[in-house]
Amino acid sequence: MRKTLSYSKQLAALQVAWAWEDWVYNLRRRVDTLSLPVQIDQQGWKRQTPAMAAKLTDHIWTIKELLMMVVPPGAVNN
């Protein structure tokens with residue numbers, strides 16, 4: 001976890017922040033080490049997210065999609 005000047009005063013706020021960071025990293029942020037070559041005869045790379053590499057999604061999510069689909073921690077009973 002990265003050091004920051006801000007902190008959560010409530011456990012629920014911290015859990016939501018963790019969940020948001022996980023979703024953004026896995027569904028939105030492209031990771032260079034996961035890039036795939038476009039074609040053998042062409043130069044270029046298809047950049048992908050960790051979720052795309054794991055075949056959980058086929059596209060990079062928009063912020064709007066994230067805000068509409070993310071389930072807050074504790075909302076789903078395990």
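Visitor: What does contact mean here?
Guide: Contact means heavy atoms within 4.5 Å. Thr-57 touches Leu-27, Ala-51 and Met-52, not counting residues up to four places away in sequence. This is a predicted model: local features need pLDDT of at least 70, side-chain atom pairs count only at pLDDT 80 or more, and totals for chains, interfaces and linings use all residues. Residues are numbered from 1 along each chain as its sequence is written, and side-chain values use heavy atoms, without hydrogens and water.

Visitor: Why is Thr-57 called buried?
Guide: Its relative accessible area is 13%. Buried means under 20%, exposed over 50%, partly exposed in between (1.4 Å probe, protein chains only). So Thr-57 counts as buried.

Visitor: What makes the link between Thr-57 and Trp-61 a polar contact?
Guide: The two side chains are 3.0 Å apart at that contact. A polar contact is a pair of N or O atoms within 3.5 Å; within protein, one must be able to donate a hydrogen and the other to accept it, and residues adjacent in sequence count only if both atoms are side-chain atoms.

Visitor: How do you know that Glu-21 forms a salt bridge with Arg-29?
Guide: Their closest N and O atoms are 3.4 Å apart. A salt bridge needs a side-chain nitrogen of Lys or Arg within 4 Å of a carboxyl oxygen of Asp or Glu, so the pair qualifies. The structure holds one salt bridge.

Visitor: Why does Glu-21 count as partly exposed?
Guide: Its relative accessibility is 34%, so Glu-21 falls in the in-between class. Arg-29, at 37%, is partly exposed too.
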